[in-house]
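Here is a short briefing on one structure. Please look through the sequence and the coordinates first.

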Amino acid sequence: MTALPRSVLVVGSGGREHALVRALALSPACPKVICSPGNAGIARDVRCFPVPVEDIAGTVALAQQEKIELVVVGPEVPLALGLADALQAAGIAVFGPKADGAKLEASKIYTKEILVKHGIPTAASAAFTEVEPALAWLATQPASIVVKADGLAAGKGVVVATTREEAEAAVRSLLPGKVLIEECLTGQEASILVVVSGQDYVILPPAQDHKRIGDGDTGPNTGGMGACSPAAVVTRDLLTRIDREIVAPSVEAIAAEGIEFRGVLFIGVMLTPLGPKVLEYNTRFGDPETQAVLPRLESDLLELLWLAAQGQLAGYQLKVKSLVSVCVVVASKGYPGAFTKGEVIGLPPAPELPPDTTILHAGTALDAAGNLVNNGGRVLSIVSTGRTLYEALRRAYDGYELIEWRNGYVRRDIGAKQL
Ligand code: AMP
Ligand code: GLY
């Protein structure tokens, strides 16, 4: 094995990147870790550089200037813009797929074609570019149906319609353009994060996200309001089945399409009465799933990502702690709609938090007076581990009570379906 990298750049500014920074810094190899652009919390842990994630040339220049040996890319946008291609061209190792692999997230129509071509279970669907044919087709379908914008939409491009009117309104708002209309699947969802390196892959502990804003899975979809790992619904047998019917064929299909994929293939799976089916591929770590999954890794994350980036994952054995981990997201009141930024947030000192509990930052910044303020929709993640789900949840919600921010919003039922 090649020696582990001595310097790592994490690209992004969310709770996911804060979790990555923390986990990479814990490596026995003690790498220098930096982040761009980061946020107010990440900046307390490591040096942050104000390079926007869309600035591909600027990110490559930063990596060169800081003599970075491995870049770990958090969000999908720079991947779709070709950040991994540019880093590789500059001779810098990168964990995250090139633009051809990132297209598996950036185009839902392209992904659906690959799923169908390779016989991987997924919802039946049809793609449209014009309003009239789409409406004519809708008229032949059940009222419950899912309308998806083709491109990247930060989790907001999907309408799960329950009436014909809703579906038609979604179609009219998205077309002309590109939409995928899909059969509505039912069941619980699971997030399967797979570290892929060409033909080799390692499945990380499954997690369950909570996508809707409201308790009881009500209201609009968000980027994700909380996660737990393990996902009780994904039993050992079911994971074996998901591996056989979905993960292995997906990795094979991607390689067969000529894509050299080195990064996370995050498969959104619906556990339907007819078996597991793919809802979507993402080509990066999930947020908030990553915050819940990483504390469960016994293995060195730096080594795992480095081996994957180097195409050396064959034979890798992941070690997982038998702990339960939860992440409760604190959002700005109003998210995923409009909200006010710049509200001052008071955080408890780390020693006052419940055991095995930490606060990660997402949309935070410092105001002119140096106060911590909210600067985005999802603002903080409270991450707790415990011997049981109940213990982990109690710790996370007890931790939340110590945060002083009147307009902070949390779902009160993270993990409740699994209790
Ligand atoms: P996606 O971005 O494709 O994962 O969609 C976001 C969310 O919409 C998913 O996590 C599901 O909750 C829901 N969703 C997407 N596709 C379907 C489908 N075919 N049936 C039911 N729900 C879906
Ligand atoms: N938690 C869902 C996502 O990262 O897209």
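**Briefing: loops, sheet and ligand shell**

Pro288 sits in the loop between β17 and α11 (289-293). Helices (H or I, at least four residues) and strands (E, at least two) are DSSP runs, numbered from the N terminus. This is a predicted model, in which local features need pLDDT of at least 70, side-chain atom pairs count only at pLDDT 80 or more, and totals for chains, interfaces and linings use all residues. Residues are numbered from 1 along each chain as its sequence is written, chains are lettered from A and ligands numbered from 1 in the order in which they are written, and side-chain values use heavy atoms, with hydrogens and water left out.

**Backbone exceptions**

- Most residues other than glycine have a negative phi, and most peptide bonds are trans.
- The peptide bond from Asp287 to Pro288 is cis, with omega near 20°.
- Pro336 belongs to the loop between β18 (324-332) and β19 (357-361).
- Cys30 is not a glycine, yet its phi is positive, near 45°.
- Cys30 lies in the loop between α1 (15-25) and β2 (32-37).
- Cys30 counts as exposed, at 61% relative accessibility; buried means under 20% relative accessible area, exposed over 50%, and partly exposed in between (1.4 Å probe, protein chains only).
- Asp217 also has a positive phi, about 55°, without being a glycine.
- Asp217 is in the loop between β13 (212-214) and β14 (218-221), and is partly exposed at 32% relative accessible area.

**The four-stranded sheet**

- The order of this open sheet is β11-β10-β16-β17, with antiparallel pairing; two strands pair if DSSP finds at least two bridges between them.
- Its edge strands are β11 (200-203) and β17 (275-282), each pairing on one side only.
- Neighbouring strands are turned by 35° against each other on average, direction ignored; axes are lines fitted to C-alpha atoms, for helices over the stretch in contact, and angles run from 0 to 180 degrees between N-to-C directions.
- Strand β16 (residues 262-272) runs antiparallel to β17, and seven bridges join them.
- A hairpin connects β16 to β17 through two residues.
- Thr272 stands opposite Gly275 of β17, and Ile267 opposite Tyr281 of β17.
- Eight of the eight residues of β17 are buried, so β17 is largely enclosed by the rest of the structure.

**The ligand shell**

- Of the 16 residues around ligand 1, Lys148, Glu182, Leu185, Glu189 and Glu280 come nearest; a residue is near a molecule or strand if one of its heavy atoms lies within 4 Å of it.
- An N or O atom in the side chain of Glu280 is 2.7 Å from an oxygen atom of ligand 1.
- A polar backbone atom of Glu183 is 2.9 Å from a nitrogen atom of ligand 1.
- Ligand 1 taken alone exposes 470 Å², and the protein buries 93% of that; accessible areas come from the Shrake-Rupley method with a 1.4 Å probe, and for residues only the protein chains shown count as cover.
- β7 (145-149), β8 (158-161), β9 (179-183) and β17 are the elements that give two or more residues to this shell.

**Gln208**

- Gln208 is in strand β12 (residues 208-209), and is buried at 2% relative accessible area.
- The side chain of Gln208 makes a polar contact of 2.8 Å with the side chain of Gln188; a polar contact is a pair of N or O atoms within 3.5 Å, where within protein one must be able to donate a hydrogen and the other to accept it, and residues adjacent in sequence count only if both atoms are side-chain atoms.
- Another polar contact, of 2.9 Å, joins the side chains of Gln208 and Gln418.
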